[in-house]
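Please look over the sequence and structure shown here. A short report on the fold follows.

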Amino acid sequence: MNNPTYTIIQADGLYGDTTIENKIFHPYNVTYLETNLSPAGDPACKPWSSIDASLREKVDGITILKPSFTAEDLDLFPRLKVLVRMGVGYDRVDRAALAKKGVILCNIPDYGTGEIADHTLALALSLRRGIILYHDTQRSSPPASWTYIESPLISRIQQKTFGIVGLGLIGMAVALRARAFGWNVLIYDPFAVNGVEKALNVHRTRDIQALFRESSVISVHCPSTPQTQNLVNYDLLKFMAPGGILINTARGEVVDLDAVERCLKEGILGGVGLDVVPDEPIPVDGPVHPLLQEYRDKAEWLQGKMVVTPHSAYYSPESLLDIRVKSAEIMRDVLIRQLRVNVIA
């Protein structure tokens, strides 16, 4: 009896070699290729149709990091059985289309948990302790006086409340770090299991308005779904006490940037740290949201109040290796060994 053969592609073209994947797929009869739709360092994505049709017709498994995957894209791959999203979120994948054709969707929820949690706390601390403010003012022309600045943004963190929207693996990691710094941690997640707050030694509310009312820092860690798009809007942010801080390292679509801009101007928010924004990637040249444009233009009213990182919270050399290894292992386990590992229901 002949051993089955499999064709698997890494769509982006991230690595330039296949040594690690070939070891993971050994001894199975696998042809593994990179198709270079969005190589490392290139924010643009080529269309799926740019992959040669003779290859598309053979593909059993695909791993993706940056490209989206629609019903129309799926039609190009008649043999596809498994799609692995190389990350936590899968909002750019048409789950309904995959399910209709029996294609299994998997993700990698545990590859950069520590990095994203550390990044979240770094953003919160750099704003609340005035590091961004001092960095901006000491480099202005002329530089600010060599003394502290009185600002509603700067305050003691101990015994203040750090609010978390969404308690997945990253939300949990953030909760533990925030508690270690001395914040009182308050969580909101209608889907988290009962009692998780006791395991983490934090507090829980089932009222999202209460979360915003009681928290001096809000950190967003929920996925982007039709229900969570623009979840964090003016109607919620207005409950925060003046000088609050908003951090988003989850998905840009969850936070309404118009509301953030308004709250910064009204003093409801003292600062905002964003690793994600709607409509990524932001173009180097071309129209962007007015708040982001003013940030780029170093508008004086935003001095010390805003910090943006380019969806890089997950990044470290170690996390990139993790995601590479784990995505190949998941593909092997689900496609070849027919196990149910990290399958999205």
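## Cores, sheets and domains

In this predicted model, phenylalanine 212 is in contact (heavy atoms within 4.5 Å) with Val165, Ile218, Val232, Leu236, Leu237, Phe239 and Met240, leaving aside its neighbours within four places in sequence. Local features need pLDDT of at least 70 and side-chain atom pairs count only at pLDDT 80 or more, while totals for chains, interfaces and linings use all residues. Residues are numbered from 1 along each chain as its sequence is written, and side-chain values use heavy atoms, with hydrogens and water left out.

Phe212 is among the residues with the most contacts inside the largest nonpolar core, which has 33 residues. Such a core is a set of buried Ala, Val, Leu, Ile, Met, Phe, Trp, Tyr and Cys residues joined through side-chain atoms within 4.5 Å; buried means under 20% relative accessible area, exposed over 50%, and partly exposed in between, with a 1.4 Å probe and protein chains only. Elements that each supply at least two residues of this core include strand 7, helix 9 and helix 12. Helix 11 gives the most, with five residues. A second, separate core has 30 residues, including Phe162, Ile164, Ala178 and Val202. In soluble globular proteins, nonpolar side chains tend to be buried together.

Helices (H or I, at least four residues) and strands (E, at least two) are DSSP runs, numbered from the N terminus. Two strands pair if DSSP finds at least two bridges between them. An open sheet of seven strands has the order 8-7-6-9-10-11-12, with parallel pairing.

| Strand pair | Bridges | Facing residues |
|---|---|---|
| Strand 1 and strand 2 | six bridges | Ile8 and Tyr32 |
| Strand 7 and strand 8 | two bridges | Ile187 and Arg204 |

The domain assignment, which is automatic or from a database, gives domain 1 (6-111 + 317-336) and domain 2 (113-308). Their centres, taken over C-alpha atoms, are 32 Å apart. Nine residues from domain 1 and seven residues from domain 2 make the contact.

An unreviewed UniProt entry annotates residues 121-313 as "domain: D-isomer specific 2-hydroxyacid dehydrogenase NAD-binding". Over residues 121-313 the chain is 32% helix and 16% strand.

Definitions and conventions:
UniProt positions renumbered as here; feature names shortened; annotations may be inferred.
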